[in-house]
Structures are given as structure tokens and as C-alpha cells.
Amino acid sequence: MAVLSLSNAHLAFGHVALLDGANFSLEVGERVGLIGRNGTGKSSLLKILTGLEKLDDGLLQQQQGLTNVYVPQEPELRGDATIFDVISEGVAEHKALRERYEIHDENDDLAWVQERIEHIGAWNWEQRVEETLHRLDLDGSRLVGSLSGGLKKRVALGRALVAQPDVLLLDEPTNHLDLDAITWLEGLLNDFKGSLLLITHDRAFLDNVANRIVELDRGQLRGYPGNYAAFQAAKAYELENEALFNARFDKLLAQEEVWIRKGVEARRTRSVARIQRLEAMRLAHAARRDVQGKVRLDIDTGGASGKIVAELEDVGKSYGDRAIVRGFTSTILRGDKVGLIGPNGAGKTTLLKMILGELQPDTGTVRLGSRMTVAYFDQMRDTLNLDATLADTISPGSEWIEIGSQKKHVKSYLGDFLFSPARANSPVRTLSGGERNRLLLARLFARPANVLVLDEPTNDLDIETLELLEELLAEYDGTVFLVSHDRRFLDNVVTSTIVYEGEARWREYEGSVQDWLTQSKRAAALQAKSAPAAAAVAVVPPAPAPEPAPVVATKRKLSYKEQRELEELPKQIAALEAEQKQLNALLAGSELYTQGATRIAEVTDRAADIDAELLALMERWEILEAK
């Protein structure tokens, strides 16, 4: 049953229709991911559903008594208030009702007030706030103004959740959150009992949270059952069919246009019905909204840097009593693509500055490579002059720009990043968050560089641009340092990760984020297994021995049951991998998406389960082999 719905919705800003007769419904308990290009109207849709904006035309319906809460990208919080006070704003009605009851104003209908208090559970609103603070791991006495961006986002989520709404509307909830916080948020939203509609470009987050994807595309809202992986396969099939239909339509239209322009002889036998059909086809072609062009990315690496970019030996850095880096050793080579992972405030920027030679370590040595040309992508967009035009931002004082051996007009270059020529002379302040990020990428790639430093480049970028940026960075032959909390983006780009492991310790892992998670999980399991054995040995007093025998390293013999298990493991793994291959083929094909939502969900869930089963079998195999 739908808790809210839109019917024949229309919304336009200027000549562009953001919603063009769109329909949408949100069912009880659904977790819907809303995706689409930057500027298509996703945030406006959320504001319409929460009542902050109005439709130009159409109908918005919702269940009687429905409560919904909206958390914007940049929530407004009172900086001089405590966390407890700000989260308590989510139960403002509860507080007001209880105060009315306690004051006993003779003009009040105390019976109604008491009934309302009982209905919404207002007697114990303080306990509800305290429970929310505990769940979010927040100190209620801290001032909001002193918090980082990630903690402020957590406070805004707490203010929304304490209200226990029927519908939760979230706009980019993972922005400013680190990996641990994103994982925590996934669990929180999966436990949420109401309906959820969220905008995000974090594909791994969508896969782990959403059970339906809705795409806002050319003014229409199209729903796809399952998570983002299921959506990708269905969308590819849909776009292929749309392209074939449009090609046939355009060919027929061209033939009819030739026919209508024939000479006098043809006009004598002209069919009235055929003329009417041609006029209808012309109107349909004029009204058709084709798929928007893709961002075209290219970068000039300039001259190659030396083979070694940076060599760090036992470096350390502290600020006052607080250690940021301790005993870090690493060698970065030309062409490495390094991801830096750690919680907000751990010191990723400090470590990066030492690697690039911009900050001297307190201890240890840093040796820099030669011929390094560094280009920066700034997370907070501080380097953008809001009053400058787009053209001046890209190429100040010139209408032309050189990319490698190519010379391009600045308007043509901006067009590669989906900025129309008419906007080239618009000030930067008129751009949305996602458009400013696109402009920063355009400026970054306009300058020769053999070392790229990308600090949270994925914030506000739509998924399609992210995928194109991934392709560019994968083919880029320079060195990349990438600070990001987008797991899928990191997995698709980096060749190694430098990870914060607590107490100012950083460690480098080969491979992607998933490789790091797998390695660290195995290390933790082995450490936990060896700890009890070490403790047991420590408490047993040494027995006196006349003469110590030479130590011979031996392995404990496997039991019969363990030996059989070890022999069977390769067969089980092979069977699972074969099933995984079959399911991946189903997901990549088109046949599955004609079999209904239940079948799609079954296949998607089973594919996810196989990954976990394979990991468990591999870990078990490693343990038995070690014995």
C-alpha cells in the first residue's frame, strides 16, 4: 500500500521541465534509492514530497496522519546549542504538549492534551532522545558549532530519527561521512521500520540499503526492482531498445519527408491519412527528449615524473601532544594509484602533504622524485572564485585552451563537461554543487600534471560522471592520490591503499578497499585465534627439565573429519564459483528482467550470499592448511 504518491506531476524552472507528467509511489517499508543526472530535479522532488515546494501541476497524495522528515544535503543546525537540544527539536510537539499539561492552563482542553500525549508517547521524550544519542554514539553535552561535518550530519540524522517518522527523506546522507560512519548508517537505515527515499551517488551504499531504484530521467520517474546492480543491467537493456526504436522511427520519418516533397504527380495521389500520420510523427519527434550527452574527459599528463615519486622511511608527525603519524614507511612509484582511508580527523591530509613534500616530518626521512607536476582537486571548492565566469575559471584571459597536442575553444571544452555555450559567461555562484564539482574537474584536466591529488571528488557528482572519471583515472599514466569514502569508486581506481589503523599508525595494503577489508579481517581472525592460546601458555608455570630437547617445528595432525573437510573444500568452492558465474550472466542479460520482481530479488540476494559463502570457505581452507 502506497504511503504517498505523485500523479501526472509537472515542475519546470525556465524552459526545462524537471518533471514532465511524472508518476511515483512509495510503498510501506520500501527503501528507495533516487538517482539521476545532476540538475534533473532530484532535490526538488524530495522538497515537493515533504511539502517545502509545490508542483506546477499534478497531484500529491499521502496517507492521513502521515509524518515525514526531510534531511537536506547541508542541514541547518544551531551552532550555539548542544547536541541534546538540537536532537530534541525532533520531538518539539512532545515537549510542548507535556509543558501544556504540566502548566494546567484553565483554557486548555486537558483531556485532549492527555490523550494526544498518550498517542504520540510524549511522557518520556527525554528517554527517546537519550536512546537516540546512544545509538548514534553522540555526546549530548557538546556544542554543535564545534563539530566536524560528519558529526553534524549525524546530529541531523538523529534529529530526524528521534521523531520516528513514517517516511524518511534523505538527500546525499553519506556526504562528509567516513567509511565506518557509512557502514554504521547502512545498518541504521536497514533497521528503520518506516519507508525510506534517499538520493545518493554511492553505488555500494545503494546496493546495501535500497530494495528499489527510481531514476529521474528526462522528466520521468522510472522504477526498477532490486538494488543498483540489478538496475544497471535492466537500464542497459532498456536504453538499447530505446535506441533501436528511435533509429527505426527516424528512418521512417526521413522516408515520409522525402515522399511529401515529391513532385506534382505524387501529390495527386497523396493519402490524407498518410499526411496526418506524418504531422503526428513530426510532433512526436519534436517532443522527444533524447538521452543527454555524456561528459567527455581527457587529461594532459605533461612530461613524465621520475620513476620514484616519494620514498618515506619511518616518518612521524605530531601537533603538540597529539601524534598524527608514527613510523610510516612506503615507496610510491610513478603510475601508482593510491587511496587514503581513515576516519575524519585522522590526519589523511597531513600524511598526504608529507608524501608530496609540502610538510616536513618530525622524525624519519622523505625523499621526493624528480619532475613532479601536481594538480589538486579541492574537496571544499575553496579555490573557486564565485564571481568569475566559467570561461575565466578554465582559461583566464584567453578563449583557447590546449589539452596535450589539441587546441580547443573554451566554450567547446566546457561543452565536454555538459555546460552549454550560453553558460560560459555565467558566474560560478549560479552553479549547483554537482556542477561546481564538474567545473573543478574541467579546470583540473585543463592543466598538465603527472601527479593528481583528488580530495573527495565524488561528492555531488552523478553516477554516470563518476563512471567516466573512473575510466579516465584507470587509463591515466601518471600518479594518483585519492581521498574518498566511496568504496566502489576506490575499488575501481586504486592499486593500493594507505589505511589508518589507530594510535597514529598507518599501513599500506596492495589492492583495492575490498582487498584491504579481506586482509584485515583474516589478520584479525588469526590474531583472535592465537590470543587465547598465548594466554594459556603464559599462565602455566614452566616445568623443571634436566636438559632442554632441541625444538622441532611440527604441525598438529588433522583429524579424520578435518582431513575429509579439507579434501571437499576445493569442490565446494568450484561449485559456488560456477553458480556465481551463472548468476552474473543472468544479471548481465535481459531475460531475467522479464520474470518479475520476486525472481530478480531472489537472484540478486543469492549472488550476494555466494560472496559471503566463498569468503568463509576460503578462510576455513586457510585455517586447515595452516594446521
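Guide: A pocket is an open set of points, on a 1 Å grid over the protein atoms alone, where a 1.4 Å probe fits, with protein on both sides within 12 Å along at least five of seven lines; a lining residue has an atom within 4 Å of a point. Volume is the space filled by probe spheres set on the points, which are joined across faces, edges and corners.

The model is predicted, with local features needing pLDDT of at least 70 and side-chain atom pairs 80 or more, while totals for chains, interfaces and linings use all residues. Residues are numbered from 1 along each chain as its sequence is written, and side-chain values use heavy atoms, without hydrogens or water.

The second largest pocket holds about 1700 Å³ of space. It is lined by 46 residues, and Ala204, Asn208, Arg488, Gln514 and Asp611 are the closest to its centre. Eight named elements each give two or more residues to this lining: α7 (179–191), α8 (203–209), α9, α17 (487–493), β19 (496–500), α18 (513–539), α19 (560–588) and α20 (597–626). Helices (H or I, at least four residues) and strands (E, at least two) are DSSP runs numbered from the N terminus. By type, the lining of the second largest pocket has 20 nonpolar residues (Ala, Val, Leu, Ile, Met, Phe, Trp, Tyr, Cys, Pro), 13 charged (Asp, Glu, Lys, Arg) and 13 polar (the others, Gly among them).

Helix α9 leads on to the aromatic rings. It covers residues 228–260 and contains both Tyr228 and Phe231, three residues apart, or about one turn of the helix.

Tyr228 and Phe231 have ring centres 5.5 Å apart and planes at 40°, so their pair is tilted. Ring pairs also bring in Tyr224, which forms a cluster with Tyr228 and Phe231.

Rings can have a charge over them too (NZ of Lys or CZ of Arg within 6 Å of the ring centre and within 35 degrees of the ring normal). Arg154 lies over the face of Trp184, 4.3 Å from the ring centre. Arg438 lies over the face of Phe419, at 5.0 Å from the ring centre.

Definitions and conventions:
Rings of Phe, Tyr and Trp (its six-membered ring) pair if their centres lie within 6.5 Å; planes under 30 degrees apart count as stacked, over 60 as edge-to-face and the rest as tilted.
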